[in-house]
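I am opening a notebook page on this model. The entries below record what I looked up.

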Amino acid sequence: MTALPLTTLPAGAVRRTLRTHREGPVLTVELDNPEQGNAVTDALLDDLLAVLQNQDPAVRVLVLTGSGDDFCLGGDREESARQLAHDPAGGAIRLSGTKARRVCEALTTNPAVTIARVHGKAIGAGFALALACDLRVGSEDATFRLPELALGLPTAWGGLLPRLISEVGAARVREIVLTGRVVTAAEAQSLSILQKVVPASELDAAVAAWARPVVRRPQAALRVTKTLLNSLSAASRLADVSALDAELMAAVVTESQLARGAG
């Protein structure tokens, strides 16, 4: 992937966990901590929120991608351990979970069309970030996995489960979550986790092919159509308990910590 030039993040985003690049109405946001597999930290969530909340209304397409070998290897477990050590009641974990939901909602409800450009691994929180986007293209080596149960955690991050069930179907999601197995790019496409799979060398061309017609659409019609699609998708769910994700995560993590302490 060609390196993207670094641009200044909006006021208030003091950490540098992202690189952004603007070409006319197309904004590319690149997760930029390849040494750690672009792990999701509080700093990354803060920077993503700053970019999404200060987005220029003229942006018609927002592309989310990652630097290095992988899209995103999920949450930073070392940071979570430090948060729990400093706040055994789980307040910091709860706050991070709330930020995660806000970021995923900002991607899903973004007035621009959001495109996830996925290569390598998309694990846990990385899977959720990609799924929050409207369109998702992956390279042939892309893989997805939800290992939370094996780590003693609930699959509760950023509203992932209700969206995944809506996109894929409850029976298949149940099997993916309970086994924690790897989903290949080909299977991800068959399940609508990805809408397109291409060789790695063609990822940028695939993104551009989607972006070209979108940027020509009348802005008001595009915004209303996205709202309708999101509303109709949400209406198909009997219940969406994703607002409880942060509480569920904090409760399970603190309970596990207490159990270890008791042992």
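At what angle do helix α5 and helix α6 pack, and how far apart are their axes? I noted first that this is a predicted model, where local features need pLDDT of at least 70, side-chain atom pairs count only at pLDDT 80 or more, and totals for chains, interfaces and linings use all residues. Residues are numbered from 1 along each chain as its sequence is written, and side-chain values use heavy atoms, without hydrogens and water.

Helix pair. I found α5 (residues 160–168) and α6 (residues 170–179) packed at about 130°, with axes 7 Å apart. Axes are lines fitted to C-alpha atoms, for helices over the stretch in contact, and angles run from 0 to 180 degrees between N-to-C directions. The two helices are therefore oblique, the class left after under 35 degrees (roughly parallel), over 145 (roughly antiparallel) and 65 to 115 (roughly perpendicular). I listed the contact residues (heavy atoms within 4.5 Å): Leu-161, Leu-164, Ile-165 and Val-168 from α5, and Ala-170, Arg-172, Val-173 and Val-177 from α6.

Sheet. I traced an open, mixed sheet of 6 strands, ordered β1-β2-β3-β4-β6-β9. Strands are DSSP runs of E, at least two residues, and helices are runs of H or I, at least four, numbered from the N terminus. Two strands pair if DSSP finds at least two bridges between them. Strand β6 (residues 135–139) runs parallel to β9, joined by 3 bridges. I checked Ser-139 and found Val-198 of β9 as its bridge partner.

Whole chain. I counted 10 helices and 9 strands in the protein chain.
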